[in-house]
Amino acid sequence: MIHLYLCPTKGGKSPIEVERAAPYWNSFKPYDASKPTHQSKAFLLATGTQLNTMSDLSRNAQCVLKILQNATDPLTTAEILEIARSDEYGDICQDCAGGDTFVIAARQLVDVGFITRKLGKGGYRWQMARGE
Amino acid sequence: MISMLEVRDDFPVLNRKINGRPLVYLDSACMALKPRQVVAAMNEYYEQYPACGGRSIHKLGEEASNAYTASREKFARFLNATEIEECIWTRNATESLNIVAACVDLPKDAKIVTSTLEHHSGSLPFVERARRDGLKIEVVKAKQDGTFDIEDWKQVIDRKTKLVSIVHSSNVTGTVAPLGEIIEIAHDRGALVMSDDAQYAPHHPLDVQESDVDFSAISVHKMCGPTGMGVLYGKLDLLKSMDMFLVGGDTVSDVRYENGKIIPEYLPPPEKFEAGLQNYAGAIGAGAAAEYLTGIGMGEIEKHERALLNIALKDLKNSKHIRILGTDDIDMKTGLVTFSLDTVEAAHDVAAFLNDEYSVMVRSGWHCAGPFHYQMGIKPSVGTVRASFYLYNNTDDVKTFLEGMHALIEATS
């Protein structure tokens, strides 16, 4: 017997049907912590899911993407955090001064292939992925 | 040294490999790992007697009440409190600090004293109390190495001072404050002392009777216990004299309706501070954590952490690229080291590199201690890196961490 469990995506859009074998609690996984909040780019492409609009991303991810889209050169982590705290980004970038969640969001954007980072003198430098 | 084979086996997460590497967890100052014993105690509640404690008279309710009370007793023993009623369950140390800041009785011209080394949770509740009641608040500046000059405390704590909030062990520098001396000065001048023991209690023997501290705030999640649990210790007469923080169910002995009015009669501590349905599983887990640590021995844990810290400090100090925050005198430190690196601008980059390349997990940022970072001239966007050790870490963990640090310095120089 197969039970179907409706797992709403963030924002309550498009529930994903998850197959669960009976007894359903044997395979019950309320949350796969190894997965980033947003599905991988490969998964999205494979399933035909579109992720074209900024609003599909978390607020922190939108913040980092907007900063990098507006940058002419790769930015250091500290530069991203400084820009995030400027008035220009005040509406979209909201985190404590330490910027922990911006960095987490940036790392997840690397995981899904939207931005890249490179280690060099002084630390990591972040930029938009080619073709984005 | 504690037998690592035995202790590490209690922590299932240490069996994980991430990116093919064993997990090296050096972020216990933020969140300690959980031993099987604590998880089992909480599971037992959920599986065997998941009922209301102190309310329902049926069998499950009785068992829940018994376990809940037994946990408070275990925690009282952990602190060496005089009475078990002196241990109030809270959500975290922050709530414990807020209860004292908001509810302790202070005269209109009272002064509150705190320091630049406090976690935001140790300063802001008192800043807001001072603002609410128009009280004076004075801040003692920590020295550059994170220690204090006791003369500064003697100067600032005067006869008008009625409350002192001091971090016992800093979450940034790991330095242990001269709490005994501060309590003596404060009591001599008629002030109460609130000790933020969030970082101290998990790593050192704590005896509230011996220290004579008036209040102590503890985060259970930093001492191998569940998240969302904290403890406020307070001397019983002081707790009795305080206003309630939250009121409602479970805080009252009677609520009458007379002449069109609702008239409450509140219970004594601890119930007067524990409004509403409690986190029974969390409290039971907290008791199990206290029992677990006591079983190993807090003195042994302290010694073990300092041995690991010594290895780390010796190596880090040899690097010209590393700046360590706080004293390197391990006898006055909790088992953590916080530092910055001149070859890497942002502390987050250090943490990311160690995580991604070595599965070493450290904390980066400003550690909810803005004032001390500003005092040290460190911008929030740059921050610092903190590696913290606990009973389940071993020398291999420290070696992997140091290996990662050397590789990072080489890659970024």
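**Reading the interface of chain A and chain B**

The contact draws 19 residues from chain A and 21 residues from chain B.

Student: Before we start, what kind of model is this?

Tutor: Good place to begin: the model is predicted.

Student: How much area do chain B and chain A bury between them?

Tutor: The general idea comes first. The size of an interface is often given as the accessible area lost when the parts come together. In this case, chain B and chain A bury about 1500 Å² between them, with 53% of it on carbon and sulfur atoms. On the chain B side, B:His348, B:Asp349 and B:Ser381 lose the most area to chain A, together 32% of what that side buries.

Student: How are helix 4 of chain A and helix 12 of chain B set against each other?

Tutor: Look at the angle and the distance between axes. Helix 4 (residues 100-111) of chain A packs against helix 12 (residues 347-358) of chain B at an angle of about 45°, and their axes are 11 Å apart. The two helices are therefore oblique to each other. Helix 4 of chain A passes helix 12 of chain B in a right-handed crossing.

Student: Which residues meet there?

Tutor: From helix 4 of chain A come A:Asp100, A:Val103 and A:Arg107, which meet B:His348, B:Ala352, B:Asn355 and B:Asp356 in helix 12 of chain B. Sorted by class, this contact has three charged, two polar and two nonpolar residues.

Student: And how many salt bridges does the rule find across the interface?

Tutor: The rule finds four between chain B and chain A. One salt bridge joins the side chains of A:Asp100 and B:Arg363, at 3.4 Å from N to O.

Technical notes. Residues are numbered from 1 along each chain as its sequence is written. Chains are lettered from A and ligands numbered from 1 in the order in which they are written. This is a predicted model: local features need pLDDT of at least 70, side-chain atom pairs count only at pLDDT 80 or more; totals for chains, interfaces and linings use all residues. Side-chain values use heavy atoms; hydrogens and water are left out. Axes are lines fitted to C-alpha atoms, for helices over the stretch in contact, and angles run from 0 to 180 degrees between N-to-C directions. Helices (H or I, at least four residues) and strands (E, at least two) are DSSP runs, numbered from the N terminus. Angles under 35 degrees count as roughly parallel, over 145 as roughly antiparallel, 65 to 115 as roughly perpendicular and the rest as oblique. A crossing is left-handed if the near helix is turned anticlockwise from the far one by less than a right angle, and right-handed if clockwise. Contact means heavy atoms within 4.5 Å. Ala, Val, Leu, Ile, Met, Phe, Trp, Tyr, Cys and Pro count as nonpolar, Asp, Glu, Lys and Arg as charged, and the others, Gly among them, as polar. Buried area is the accessible area (1.4 Å probe) that two parts lose on being put together, summed over both.
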